Amino acid sequence: QVHLVESGGGLVQAGGSLRLSCAASRVIIKTYAMGWFRQAPGKEREFVAGITWSGGSTDYADSMKGRFTISRDNAKNTVYLQMNSLKPEDTAVYYCALDRRAFYSSSISTFRSDYDDWGQGTQVTVSS
């Protein structure tokens, strides 16, 4: 069973930065697209960012463009999410996910249902 473990969350003031990591085990992620999602209390889980297997293409939700950067280090089997200029509305549990259908694919799905494996999430809290 795939094991994805997020880390790097925490409490930060508005305008601050955090870097999330997602370390994978029991799977080699270098052939798959990866994504980050988030879920705030009482809200649906939403797409944040995605990256193709090679890291050559990325995609972001509109509200994250210019502030968040997704990257990957396939040698370390790890995906990252650099979050800058954080806002209180960014407060949520952040999850990384693996899309098995995007195997050596140039496509990035923004749909939660397209992702097969999920981490347990890491809490990000942004204070005003």
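Is Thr122 buried or exposed?

1. Thr122 is buried, with a relative accessible area of 10%. Buried means under 20% relative accessible area, exposed over 50%, partly exposed in between (1.4 Å probe, protein chains only).

2. On the basis of the note: this is a predicted model, where local features need pLDDT of at least 70, side-chain atom pairs count only at pLDDT 80 or more, and totals for chains, interfaces and linings use all residues. Residues are numbered from 1 along each chain as its sequence is written, and side-chain values use heavy atoms, with hydrogens and water left out.

3. Thr122 lies in strand S11. Strands are DSSP runs (E, at least two residues), numbered from the N terminus. Beyond its neighbours within four places in sequence, Thr122 is in contact (heavy atoms within 4.5 Å) with residues including Glu6, Leu20 and Tyr94. A polar atom of the Thr122 side chain lies 3.2 Å from the backbone nitrogen of Gly9.

4. Thr78 lies in strand S8. Thr78 is buried too, with a relative accessible area of 9%. Its side chain reaches the backbone oxygen of Lys76 at 2.8 Å.

5. Now the core. The largest nonpolar core has 36 residues. Such a core is a set of buried Ala, Val, Leu, Ile, Met, Phe, Trp, Tyr and Cys residues joined through side-chain atoms within 4.5 Å. Trp36, Phe68, Leu81, Met83 and Tyr94 have the most contacts inside it. Strands that each supply at least two residues include S8 (78–83) and S11 (122–127). S9 gives the most, with five residues.

Definitions and conventions: Helices (H or I, at least four residues) and strands (E, at least two) are DSSP runs, numbered from the N terminus. A polar contact is a pair of N or O atoms within 3.5 Å; within protein, one must be able to donate a hydrogen and the other to accept it, and residues adjacent in sequence count only if both atoms are side-chain atoms.
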